[in-house]
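Please set out a careful report on the secondary-structure packing of the model shown below.

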Amino acid sequence: FYFGKSVRDINLSEAALLAGLYKAPTKYAPHVNLPASRARTNEVLSNLVEAGFYTSGQVHAARLSPARIVENRSTNSPDWFLDWAFEEVQRLAKGKGQYVLTAKTTIDLGLQRAADEALVSRIRTTGRSVRARSGALVSMETNGAIRAIVGGVDYGDSQFNRATTARRQPGSSFKPYVYAVALENGYTPRSRVRDSSRSCGRWSPKNYSGGGGSGRSLSLTEALARSLNTVAVDLSLRLGRDKVMEMVNRLGVTGIRKSCSMALGDGGVTVLEHTGGFATFANGGKRVHPYAITELISSQGEVIYSHDRDEPEPAQVVKREVAESLNQMLHAVVEEGTGGRAALDFTNVAGKTGTSSSYRDAWFMGFTGYLVTGVWIGNDDFRPTAGVTGGSLPAQIWQSYMSVAHPDMDIPTIPGLSPHPRQVEERARLAELKRIDPGLSGPKKSDAEKTMPPMMREVLKRIAEAFRKSGGRDKIEPAEPPGRRASAQPMPTKPTP
């Protein structure tokens, strides 16, 4: 990676540079800060002399001829995704006795580029004026297949993955979990609730406007669309906070603690887990386990792991009718409530805004019938933003990305909703074309055919055979075969798309 050669072939100055990385890999990486890297290398050389391993004369040549690095990073490399995918490979391959693996991933490079552009460009152009300098985005299909991860603004500056590791307060984007519990316990989207504050100990919730509620009666749907804190807290206390805890555990969302204000999202969640929780509603109530790896192939060509083969069928953890009712309410959030800036003009959107106390965290979590995407905006040092809410910058980033993330109008309908008028028109148009020319209606490819075309499988076989013959020592970089949904390369250290 650094010198374009095997570790067996490095010289003294190169070895000293590598040794110097251990103290602070990001700070002393030559690709990130070359002056700091060379200063650190000289310090290592001095330590070698002081420890008696070398003489001053022996290290003199290394000081005069510092290591020259090769720039081999691709500007389009999905580094955030690859870091998390590598962790997944280690988990899946543990105990299998395999050291050279080819991993087939779920990454969609087109969606990854769109996600990077939507998040990074908006933060760099708008973030400074509103004191929001960091962000993260996760986009997955409704079954949990990760298509894009953006873990920050600049991977070269910081490799900390804010999408998969950082825990931030979800604010009101947590409320759908509370409303799902209400729907499981006899409420309907039309049930009447009251906008009034209810105390928990010495604490009482206030709405975003600052008051303790107007006292008027309104529907459950309107309460969610307007993101009323009073109603969410009252529901959690009336139904029982233990039931809310059980719901988030059921959906795979961790980091939540039982408190008076838990309904307002005062716990810490990751963007990845939160997006997975919303994906359960998007697919009609089946548990989602976000995943990045579809296959692992050994150097002998054996498939040692297949997601389709080895993972159990997703469990129905929320009744479909509950998910459908909640989706209708989340659709109202976008159509009539706080999430209006996330609306798309070609398909239905369901989602929820979220803003934590003092404007430290802003979220938009939403989905179409095809993709579920979560966006977080804030600061790494927890400093407040200048009034950024979930319905502003995060919703705009979400809308910008999702506007280009759908390849065509053939988008599944969100459970509980009717097809979007534009999609109805498009389907009618295609039906008429097929009536005129029956040749247009060929057999539709299965998901397996879309994700693993024959050319892809043949390339994987050639890679595995090449590794087997070389013993895994040679660097093999085959040309990426065509295909939108996945790609694979040999991965002795970490997976590549």
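## Basis of the model

Contact here means heavy atoms within 4.5 Å. The model is predicted, so that local features need pLDDT of at least 70 and side-chain atom pairs count only at pLDDT 80 or more, while totals for chains, interfaces and linings use all residues. Residues are numbered from 1 along each chain as its sequence is written, and side-chain values use heavy atoms, with hydrogens and water left out.

## Packing of α7 against α13

Helices (H or I, at least four residues) and strands (E, at least two) are DSSP runs, numbered from the N terminus. In α7, Pro 176, Tyr 179, Ala 180, Leu 183 and Glu 184 are in contact with Val 322, Ser 325, Leu 326, Met 329 and Leu 330 in α13.

The axes of α7 (residues 175–184) and α13 (residues 320–336) come within 10 Å and cross at roughly 135 degrees, where axes are lines fitted to C-alpha atoms, for helices over the stretch in contact, and angles run from 0 to 180 degrees between N-to-C directions. The two helices α7 and α13 are therefore oblique to each other, given that angles under 35 degrees count as roughly parallel, over 145 as roughly antiparallel, 65 to 115 as roughly perpendicular and the rest as oblique.

Strand β2 (residues 134–141) runs antiparallel to β3 and is joined to it by 4 bridges, and Met 140 stands opposite Ile 146 in β3.

Key
Two strands pair if DSSP finds at least two bridges between them.
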